[in-house]
Amino acid sequence: MASGGDFAALERMISACQELARLPERAAPLAAQKVGEELRRTASAGQAPDGTPWAPRKADGGRAMANAAKAITVKAIGTVILITLHGPEVFHHFGAQGKPARPVIPRGSLPSKLGNAIRLGFVEPFSRVRGYSGYGTARKAAEK
């Protein structure tokens, strides 16, 4: 015959599984914040999301799109991370009107640093569900 402690442990396990089912929606806002930080970091450095340097300005050879980071918006909608680019940076992103392409947001495959940013967004919410005390270790692994 099972003891009351066995049922309490089972109830905690069921509760943890239910929380894990909601993890993507709970983690998405933090993941979006981390993705936004990474995209603004690469744009501020004059780089594509994969770290490739942008072509310099034709006029003087200086760094193009000095304010590109301000044109990036990242937000979570449910479990989706929506990245948008606003203003004249859109033309540079695609290389329109004879300008060289200077990608600001990812197209095609996701660069590893953005994948890590998404994973980092899951560390804290997952740690809360699991009651995991190794938050710092998991965070360091996701930041690599």
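How many residues apart are Arg-41 and Glu-38 in helix 2, and about how many helical turns separate them? I would like to begin there, keeping in mind that what we are looking at is a predicted model. Arg-41 and Glu-38 are three residues apart in helix 2, which spans residues 23–44, and so about one helical turn lies between them. Their side chains meet in a salt bridge, with N and O 2.7 Å apart.

Let me turn next to Glu-19. This residue forms a salt bridge with Arg-26, and the closest N and O atoms of that pair are 2.2 Å apart. Glu-19 is partly exposed, with a relative accessible area of 22%, and Arg-26 also counts as partly exposed, at 46%.

Another salt bridge joins the side chains of Asp-60 and Arg-57, at 2.9 Å from N to O. Here Asp-60 counts as exposed, with 52% relative accessibility, while Arg-57 is partly exposed at 37%.

Is Arg-102 buried or exposed, and which side chain of opposite charge is nearest? Arg-102 is buried and yet has no salt bridge, for the nearest side chain of opposite charge is that of Asp-60, 8.7 Å away, and a salt bridge would need the nitrogen and the carboxyl oxygen to be within 4 Å.

What, then, lies around the side chain of Arg-102? One of its polar atoms is 2.8 Å from the backbone oxygen of Ala-55, and the backbone oxygen of Pro-56 lies 3.0 Å from a polar atom of that side chain. Leaving aside residues up to four places away in sequence, Arg-102 touches Trp-54, Ala-55, Pro-56, Arg-57, Ala-64, Met-65, His-92 and His-93. Arg-57, which is among these contacts of Arg-102, is the residue whose side chain meets that of Asp-60 in a salt bridge.

Methods
Residues are numbered from 1 along each chain as its sequence is written. This is a predicted model: local features need pLDDT of at least 70, side-chain atom pairs count only at pLDDT 80 or more; totals for chains, interfaces and linings use all residues. Side-chain values use heavy atoms; hydrogens and water are left out. Buried means under 20% relative accessible area, exposed over 50%, partly exposed in between (1.4 Å probe, protein chains only). Lys and Arg count as positive and Asp and Glu as negative; His and the chain ends are not counted. A polar contact is a pair of N or O atoms within 3.5 Å; within protein, one must be able to donate a hydrogen and the other to accept it, and residues adjacent in sequence count only if both atoms are side-chain atoms. Contact means heavy atoms within 4.5 Å. Helices (H or I, at least four residues) and strands (E, at least two) are DSSP runs, numbered from the N terminus.
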